[in-house]
Amino acid sequence: MAKQTFSTLEIFLIFLLLMMTAITVALLSLLFITTGTIENHKDSGLPATQGPTVTEGTSTPVTSTPVTSTPVTSIPAPPLFTNFTGYHIGVGRADCTGQVADINLMGYGKRGQNARGLLTRLFSRAFVLAEPDGSNRMVFVSIDIGMVSQRMRLEVLKRLQSKYGSLYRRDNVILSGTHTHSAPAGFFQYTVFVIASEGFSNRTFEHMVTGIMKSIEVAHTNLKPGKLFINKGNVDGAQINRSPFSYLQNPQSERARYSSNTDKEMTVLKMVDLNGDELGLISWFAIHPVSMNNTNHLVNSDNMGYASYLFEQEKNKGYLPGQGPFVAAFASSNLGDVSPNTRGPHCINTGESCDNANSTCPIGGSTTCIAMGPGQDMLDSTQIIGRTMYQAAKELYASASQEVTGPLISAHQWVNMTNVTVSLNSTHTAKTCKPALGYSFAAGTIDGFGSLNFTQGTTESNPFWDTIRDQILGKPSEEIKECQKPKPVLIHTGELSKPHPWHPDIVDVQIITLGSLAITAIPGEFTTMSGRRLREAVKAEFAAYGMQNMTVVISGLCNVYTHYITTYEEYQVQRYEAASTIYGPHTLSAYIQLFRVLAKAIATDTVANLSSGPEPPFFKELIIPLIPNIVDRPPIGKNFGDVLQPPNPKYRVGEVVEVTFVGANPKNSAENRTHQTFLTVEKYESISTTWHIVHNDASWETRFNWHKGLLGRSNATIEWHIPDTAQPGIYRIRYFGHNRKQDFLKPALILPFESTSTTFEVVTT
């Protein structure tokens, strides 16, 4: 590889960026309220508040005190009907969007990719399953967020124990993120993620935790006798492997056993009651929800969320999005090296392919090598990929006939992943490492490149960057550098502890079995081959102890986030996924070993003998957000909600209605939940002389765009992309918001307001 050189301008800009980074870290430390406050988090806590429904607001002032919950005594489980074959099944869904402005979006790590509005709401979808006598049960929750943070899981477990006692615990509750890269950040406790989030947002954290709790509460309340059916099938045309060079490092004999370098198989779990009435489904499929790229600023659930939207709208006819009894979760799997951008990587300046070992272009390097498609833009691509998954799941759901029966068993351990001894063979062992990120982590991927001059596949350190790191963060130890080889250590996160540890040491491993179905809860992003190896090992372990023909599914982004997990062979070439395998080259082997222990315990009925392991920390005080709360102010002579740009008198199907209002910061609406939607599209019904809501802000046909101005002023533009299914008639658009008001020496108030546009006509021709 040619020696990397920098121009004087590049060196100056890099120096400037590093100084800004150093200042930012210093400011974060100053803003940190108290340092080093930790408690071992027990499974106890607080209840959730009532979840969202679309309601009209009042004009009563509400103070800006953060949402809190009050303790509730433990609620015993209701008596269950036991004389049937199957499971008690309960499904629930609740909003968990959080703030949609003044916060980073979590996933790409791109500075400046902050939220500026809403494309579609985010939901928590919960499924409670219990044996007929209720003695054993489980909760699976799929959440439209980037990943589940350890702090989030610990808080949910705390509140579950407070409300339900020992009914829902660390071993029988799985929280899984869909991995959308267009959801708010700010709900983490480890410093790497807090810095990426530009602080901890209690506003968003509370909204997400409350939504998760509400979805579980609804599912718990809705428990009824039913049956489960499983089906599997391939999905074509939805994915590519974004690191094929890494995949090719795996043994040829292993690769020859598979027809593709991605897992095309989708697993669908169908849920019905004893009368055959449909309740819901969970689908597991390996794909990155990155159809919405890093230029997006609207909060949304990406392709996985669009698949859920289509399925739920199909089954909940007559309901607005986010409402209705049927719940469809499209959950993540071993998506680590899987992209939905099916046209593959091309140089955006020349059009030539850049599908090479380093994902670089002759001009522009890695910053011009980008994967796109299959649509004309990111919204089009999101809907194409989402619809492909929806169609596949719909077919598998309709033809599902293999019933799932048998005992429900859960097993869980906390493990210190920085010091796991791995048996490589009968004579040799190895160990996992303290966490560290490699050079190629900073390069990003073909789905979203990094902002500096790094490339994937870097296996040697650079003295320039090493010097900068050493000056700002200190030198990594020889121990961590040796353990992580051939990864060149860029950030030695496992040796950084201020203001809190930068990465987790204690990680969850968990399996729940439902008869012949085993759900493995993975705390990160397994690559394709990593997932295949884990599934095979767990299945073989079950078989070795009498549980034959188990179906093992990988549920990704569960319980705590630990970046990526590649195979040992993929690790050697250090593309992005390997550089982000934080516990070193033997991480996968360690996980396989740990999950085999859980599988054996389930198969031999010795789960009770498993040690719980070291409890993870729960940091009480965290870095506050860098973006302050400021008072909202309308222009002189205007009020909040005044229409600045009215709709046209008439539109045709396929056109876009745009209305602009005097706005206020929408993050206020995550603090005061008087209104549960930012917008409605309403149609006038002449017979009843009433307005009927046809869309809310969870609809994919609407957009809520917030334009931030100076000195607390802002505008809100609402778009309605009129679908082909729209009925001709008279319509209007309504805007619901909250403004922050604060008089001198008085506490801030969050005041709801609403506004209505002039009417307009929609015609079909």
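Buried here means under 20% relative accessible area, exposed means over 50%, and partly exposed is anything in between (1.4 Å probe, protein chains only). These close-ups come from a predicted model, where local features need pLDDT of at least 70, side-chain atom pairs count only at pLDDT 80 or more, and totals for chains, interfaces and linings use all residues. Residues are numbered from 1 along each chain as its sequence is written, and side-chain values use heavy atoms, with hydrogens and water left out.

**View 1. Cys347 and Cys361 are joined by a disulfide.** The term covers a pair of cysteine sulfur atoms within 2.5 Å, and here the S to S distance is 2.1 Å. The link is left-handed, with -105° about the S-S bond. It connects distant parts of the chain, 14 residues apart: Cys347 sits in strand 16 (residues 344-347), while Cys361 is in the loop between strand 16 and strand 17 (369-372). Strands (E, at least two residues) and helices (H or I, at least four) are DSSP runs, numbered from the N terminus. Cys347 is buried, at a relative accessible area of 2%, and Cys361 is buried too, at 7%.

**View 2. Cys354 pairs with Cys369 in another disulfide.** The sulfurs are 2.1 Å apart. The torsion about the S-S bond is about 95°, so this disulfide is right-handed. Again the pair links distant parts of the chain, with Cys354 in the loop between strand 16 and strand 17, Cys369 in strand 17, and 15 residues from one to the other. Cys354 has a relative accessible area of 0%, which makes it buried, and Cys369 counts as buried at 1%.

**View 3. A disulfide ties Cys433 to Cys483.** The S to S distance is 2.0 Å, and the link is left-handed, with -90° about the S-S bond. Cys433 lies in the loop between strand 21 (429-431) and strand 22 (437-438) and Cys483 in helix 10 (residues 478-484), so the bond ties together parts that are 50 residues apart in sequence. The two ends have their own accessibility labels: Cys433 is buried, at 1%, whereas Cys483 is partly exposed, at 24%. The structure holds three disulfides, and counting bonded cysteines along the chain gives the pattern 1-3, 2-4, 5-6.

**View 4. Glu478 and Lys481 form a salt bridge.** That means a side-chain nitrogen of Lys or Arg within 4 Å of a carboxyl oxygen of Asp or Glu; in this pair the closest N and O atoms are 3.0 Å apart. Both residues belong to helix 10, three residues apart, or about one turn of the helix. Glu478 is exposed, with a relative accessible area of 59%, and Lys481 is partly exposed at 30%.

**View 5. Arg533 meets Glu254 in a salt bridge.** The N to O distance is 2.8 Å. This one links distant parts of the chain: Arg533 is in helix 11 (residues 528-544) and Glu254 in helix 6 (residues 252-255), 279 residues apart. Both partners are buried.

**View 6. Arg740 and Glu671 make a salt bridge.** Their side chains come together at 3.1 Å, N to O. Arg740 lies in strand 39 (residues 729-741) and Glu671 in the loop between strand 34 (656-662) and strand 35 (679-685), so the contact ties together parts that are 69 residues apart in sequence. Arg740 and Glu671 are each buried.

**View 7. Arg93, Arg125, Asp144 and Glu312 are linked in a salt-bridge network.** In total, the structure holds 33 salt bridges.
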